[in-house]
Amino acid sequence: MHITFRLIVSLIIVMAVAAASFAYIQVHEEKTRLQEELEKRSRLLADSLEDTVDTLLEKGSFQNLQKLLEKLGNRERLSGVAVYNEKGTLLAITTSLTPLLQTTPKEVLNVLEKDTDSSSFDSLPNKENYLYAVPLHQEDKVVGALAIFHNTAYIQARFFHIWRDAFQRLLVQMVLISMVTLLFIRWSIESPIARMAERIKKLRMGETNEPFIVFKRDPLAPLAREITQMAKSLKVARTTAEMEARLRQSADSKWTPERLKEHVRIQLRGKPLFVISNREPYMHVRKGNQIEYVVPASGLVTALEPVLRACEGTWIAHGSGEADTETVDETGKMRVPPEEPQYILKRVWLTKEEENGYYYGFANEGLWPLCHIAHTRPTFRSEDWNYYQQVNEKFALAALEEMKGTVEPCVLIQDYHFALLARLIKEKRPDARVALFWHIPWPNPESFGICPWEKEILSGMLGADLVGFHIQFHCNNFLDTVDRALESRIDWQHFAVNRKGHTTQVKPFPISIAIQDTSNSITVKKPVGFTKEIFLKNIGIKAKFLGVGVDRIDYTKGILERFKGIERFFEKYPRYQGLFTFVELGAPSRTLIKRYHDLIYEVENEANRINNRFQKKEWKPIVFLKKHHSHDEIEPFYTFANLCLVTSLHDGMNLVAKEFVSVRNDETGVLILSQFTGASTELQDALLINPYDTDQMAEAIRQALEMPTEEQRVRMQAMRDNLHNHNIYRWTAELMDKLVQLRLEQESMAKPV
């Protein structure tokens, strides 16, 4: 109320000053105009009388002169006229002026002396008169003066009306603006703030999880967003505290962001964590004149972003967004996430040639098909290898710069893009604790042996203290490859490689994702009435059953095989035609590589072929949505799908399978999972298939659609329990524990007995 009063008073003062200023200017302009008009009128009257008065003076006809002046005295706004001789003596005067003229006005004396016109507003005791005097001549000699007096009361009346009108307008405006201000404050500020306060209270009390809904241009929108974010953080803290309390009560060992943060703080003794990857967690792009950030479609980002949030470290990555350079400081760094900064993102810039040679060339036309048994021939070019070495050296320099001043820094290198990086860092910083996690499979020694730079890659990887894979089978393949290619000692009992006095442990660490506790989920609730039927209608699908697949468009994901399995399903079970629709959310990837570019065309053609064969009226069996989808866009598909198809031909882990399970808080839905994924070793309650066996895939789809709800719940509960117990925080904790332990063991062994 005090703020409202001060605001209204301030507005009134500003309005009053403005109104007074404008009224003063208007009065001044009007005064000038009226004075000029009065002077002009007096001059015209004087000119018309001058000859007549001169004639009467020359004849000495003072009686006729007096009569003339009496007649003039009846004119509107004319007070009277007086005539003086050359000595200033009054000769004739309008009777009404006699009481006012006790002496000769100084303007008259001035006219007689200087032979020039003169005027004044204050020659008479009554200030409401204007005097205009002109000289009278006979034969070029001044013989007297003619004085004309005008009543100026109307001018003052005009000024009064101007001020009065200004005051009346000000009064009306004050009333209107006060009312509008009160209504605006009530409707646009007080009411939203009151509603916001009530919502904050409910959030604080845990009575709601719904975010604030405000219009984009609402002045309170930024505040609402920040409070929503704060409320989420508060909810996370409350959920975590409740979970920790339950864990202590039940002696459980589930990992949370807070537990990981404290664990890593103890392990690293407060030192920062450094993560290095090719893919950045946030990239900035242009949309019109605005710069917005997007989260790239990447399983690696999905897995590691919660870790950096928990550990408050530094993520070093390739800055690939078109507006990335405009959002960082002079050192190429910024704090992320943008809405709630928790860690540092350091961007490394690559030339177009470096990106083409290192990323598209050696990494994705060479190592990627080499490690994935998906029957695509790898391509090796010496110029690509040169760029691969050059970029690894560039990232090593960036990492070493960030690690300056940190004793025994802990470094997590991610994936096949940086096979040489561990050794480059260890050569300059032997005190660094370096782990390399290989997110893709490792093939058998015969397959990897075709790489022309096999020894250089293995030597670079063995610069790490710890090399991690998703499953033990890949660890075994890696050790077999090292045993055949390099002079080294393999410790099969402890799964370690000793080469040139350096020991590298090789261990399986099945990566996972963050999953919220079902009973305290902070996931934003769906709008009331947002059902599966409404969702399908909104996306233009008419079907009873829904299947979903989420992939980068990559030949290792088995998308073509998946479509063939769906086709076989409709052949064997035609009763599902018109009832079941499969939606493929395909994100174009690495389109500069011919194999990937051609694959998009093949996937589209295969979807069209199957649709042309089976579609009926408004129904079609496959909907292929080719674009990058955000997590928020994907989640409703996971939520409402009856089944999720993951048919990778060869995959290190495949986090899509785990994402689908994590979203299903209703504990229904069926996961159909390729046996050639790392996830299949953990999610045993999925329907495991061979993606090359179309009949088996068709049967799995039928089984999923006809599976009783209770069986779905049992399977989904088991998989969700697995994700709860083996989440991304546990993955990080186990990897960090092993890395720190290895360093301590080596330091202990180095001490003299």
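Modeller: The chain has 21 helices and 23 strands. Both are DSSP runs numbered from the N terminus: helices are H or I with at least four residues, strands are E with at least two. The model is predicted, so local features need a pLDDT of at least 70 and side-chain atom pairs count only at pLDDT 80 or more, while totals for chains, interfaces and linings use all residues. Residues are numbered from 1 along each chain as its sequence is written, and side-chain values use heavy atoms, with hydrogens and water left out.

Of the 753 residues, 51% count as buried. Buried means under 20% relative accessible area, exposed means over 50%, and partly exposed is in between (1.4 Å probe, protein chains only). A contact means heavy atoms within 4.5 Å. Among contacts with a separation of 6 or more, 70% are between residues 24 or more positions apart.

Glutamate 107 lies in helix 3 and is buried, yet has no salt bridge. A salt bridge is a side-chain nitrogen of Lys or Arg within 4 Å of a carboxyl oxygen of Asp or Glu. The nearest side chain of opposite charge, lysine 106, is 4.8 Å from glutamate 107; Lys and Arg count as positive and Asp and Glu as negative, while His and the chain ends are not counted. The side chain of glutamate 107 instead makes a polar contact with the side chain of serine 120, at 3.1 Å. A polar contact is a pair of N or O atoms within 3.5 Å; within protein, one must be able to donate a hydrogen and the other to accept it, and residues adjacent in sequence count only if both atoms are side-chain atoms.

On either side of helix 3 there is something to note. Serine 96 is in the loop between strand 2 (90-93) and helix 3, and is partly exposed, with a relative accessible area of 47%. Serine 96 is 17 residues from serine 79 in sequence and 7.3 Å from it in space, C-alpha to C-alpha. After helix 3 comes aspartate 115, whose phi is positive, near 55 degrees. Most residues other than glycine have a negative phi, and most peptide bonds are trans. Arginine 590, with a phi of about 50 degrees, also has a positive value although it is not a glycine. It is in the loop between strand 19 (580-587) and helix 16 (594-614). A cis peptide bond joins valine 336 and proline 337, with omega about -5 degrees.

Salt bridges are found elsewhere in the structure, which holds 45 of them. One joins the side chains of aspartate 324 and arginine 347 (3.2 Å, N to O). Aspartate 324 lies in the loop between strand 9 (314-318) and strand 10, and arginine 347 in strand 11, so the pair ties together parts that are 23 residues apart in sequence. Aspartate 324 counts as buried at 0% relative accessibility, and arginine 347 counts as buried at 1%.

Another salt bridge joins lysine 426 and aspartate 465, with the closest N and O atoms 3.2 Å apart. Lysine 426 is in helix 10 (residues 421-428) and aspartate 465 in the loop between helix 12 (454-461) and strand 14 (466-469), so the pair ties together parts 39 residues apart in sequence. Both residues are buried.

Aspartate 695 and lysine 572 also meet in a salt bridge (3.8 Å, N to O). This pair links distant parts of the chain, helix 19 (residues 694-706) and helix 15 (residues 559-572), at 123 residues apart. Aspartate 695 is partly exposed, at 32%, and lysine 572 is partly exposed, at 32%. A network of salt bridges links residues including Lys572, Glu606, Arg609 and Asp695.
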